[in-house]
Every structure is written in structure tokens, then in C-alpha cells.
Amino acid sequence: MIVRKYIPSDCKYLAELFYQTVHTVNAEDYTEEQLDAWADGKVDLEKWDQSFTAHDTVVVVIDDVIAGFGDMDQSGYLDRLYVHKDYQRRGVASAICNALENAIEADYITTHASITAKPFFEQRGYKVMKRQQVIRGGISLVNYVMRKSRESM
């Protein structure tokens with residue numbers, strides 16, 4: 001497992017991984033309509049690249065395959081964390097979180113976790129601040145605002 005910094009040529013692969021992960025891994029917790037609203041396959045690659053470049057973004061590679069990625073801004077907001085469907089439960093998400101959490105100097109790390117990701121973040125010491133309804137394309141999705149203090153890392 002190699003954990004490395006994001007490079008712009010990764011962007012189209014991360015967009016595809018995002019779509020595939022949402023539509024497979026999250027399928028047990030969300031309806032097809034919700035999955036389509038969350039990931040419609042029409043990512044603006046230029047905006048994503050700008051976001052990844054502005055954030056601390058890491059990519060995990062296993063056997064020349066991008067197995068996962070995550071990004072965090074300087075305020076400690078963990079924006080995206082996605083692991084390829086074929087690399088679930090192999091420590092990829094933990095490796096990404098370790099790299100991002102160790103690189104940031106914020107007092108707290110905050111994320112908006114899906115129903116699927118909530119147990120993972122709870123195991124890492126994140127606490128649910130609130131359950132919320134997010135609207136994407138007119139469709140409501142549940143997620144959780146979760147936070148972890150630097151002291152608990």
C-alpha cells in the first residue's frame with residue numbers, strides 16, 4: 001500500500017472511483033434515487049482538481065490501482081473519503097485518515113459522514129454532533145456531522 005499526494009492526472013480516476021463506490025458500497029444504506037442524486041457521473045473535473053489541489057489530498061495505490069482517496073482543508077474539514085469497492089476493509093480508509101489527521105494542525109477534525117461511513121468514524125473516535133438531511137438535486141439524503149478533537153488523536 002502506497003499513500004501519496006494527489007496529482008492532477010489522478011482526477012478522472014478519483015471521479016470514477018467516487019461514482020463506483022457510492023453506487024456499490026453505499027447501496028445498502030441509500031435508495032437508487034438517492035445514489036443517483038449523490039453521484040450522477042457528471043463530476044466537473046476542473047472544479048474537483050482545484051479543490052483537491054487546494055486541500056491536503058492523498059491517494060492510496062495498491063498494485064498500481066488507485067484504491068482510495070481523501071482530502072481535508074486547512075480548517076480540519078475532511079471533505080471526501082472514498083475507498084474502491086474491491087479494497088474495502090483492508091486499511092485503506094484508515095491509512096488515508098491517518099495521513100490527513102496527522103498533517104493538519106486544527107483543534108478539531110469535522111466530517112459529514114454517510115450512514116455507511118458513520119461506524120468507521122465512530123471507531124476512530126469521532127462523535128456525532130448532529131444528524132442532518134442534505135438535499136441533492138431535490139432528493140433528501142441523511143448524513144451525520146461528526147467531529148474529533150486533536151487531543152483524541
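*Solution.* The model is predicted: local features need pLDDT of at least 70, side-chain atom pairs count only at pLDDT 80 or more, and totals for chains, interfaces and linings use all residues. Residues are numbered from 1 along each chain as its sequence is written, and side-chain values use heavy atoms, with hydrogens and water left out.

Step 1. Begin with the scale: buried means under 20% relative accessible area, exposed over 50%, and partly exposed in between (1.4 Å probe, protein chains only).

Step 2. Apply the scale to D56. Its relative accessible area is 13%, and therefore D56 is buried.

Step 3. Consider the contact of charges. Side chains of opposite charge can pair when their charged atoms come close. A salt bridge requires a side-chain nitrogen of Lys or Arg within 4 Å of a carboxyl oxygen of Asp or Glu.

Step 4. K5 belongs to strand β1 (residues 2-5) and D56 to strand β2 (residues 56-62), so the bridge ties together parts that are 51 residues apart in sequence. Strands (E, at least two residues) and helices (H or I, at least four) are DSSP runs, numbered from the N terminus.

**Exercise B: Further salt bridges**

State how many salt bridges the structure holds, and examine the pairs D79 with R80 and K85 with D86.

*Solution.* Step 1. The total is 8 salt bridges.

Step 1. In the pair of D79 and R80, the closest N and O atoms are 3.6 Å apart. D79 is partly exposed at 28% relative accessibility, whereas R80 is buried at 9%.

Step 2. In the pair of K85 and D86, the closest N and O atoms are 3.2 Å apart. K85 is partly exposed at 39%, and D86 is partly exposed at 43%.

Step 3. Salt bridges with shared partners join D71, D79 and R80 into one network.

In what order do the strands of the open sheet follow one another, and which are the edge strands?

*Solution.* Step 1. The 7 strands follow the order β1-β2-β3-β4-β5-β7-β6, with mixed pairing. Two strands pair if DSSP finds at least two bridges between them.

Step 1. The edge strands are β1 and β6 (127-136), each of which pairs on one side only.

Step 2. From one strand to the next, the twist averages 25°. Here axes are lines fitted to C-alpha atoms, for helices over the stretch in contact, and angles run from 0 to 180 degrees between N-to-C directions.

Step 3. β6 and β7 are antiparallel and pair over 9 bridges; I135 stands opposite S140 in β7.

Step 4. Helix α1 (residues 11-24) packs on the sheet and touches β2, β3 (65-72) and β4 (77-83), and its direction makes about 95° with that of β3. Contact means heavy atoms within 4.5 Å.

**Exercise D: Strand β4**

Describe the neighbours of β4 and how far its residues are covered.

*Solution.* Step 1. β3 and β4 pair in the antiparallel sense over 5 bridges, and F69 has Y82 as its bridge partner in β4.

Step 1. These two strands form a hairpin with 4 residues between them; G76 in the turn has a positive phi of about 95°.

Step 2. With strand β5 (residues 108-114), β4 pairs in the parallel sense over 2 bridges. The bridge partner of L78 in β5 is T111.

Step 3. β4 is mostly covered, with 5 of its 7 residues buried.

**Exercise E: Residues with positive phi**

Where do D64 and R89 lie, and are they buried or exposed?

*Solution.* Step 1. D64 is found in the loop between β2 and β3. Its phi is positive, about 65°, although D64 is not a glycine. At 79% relative accessibility, D64 is exposed.

Step 1. R89 lies in the loop between β4 and α4 (92-103). Its phi is near 60°, a positive value in a residue other than glycine. At 85% relative accessibility, R89 is exposed.
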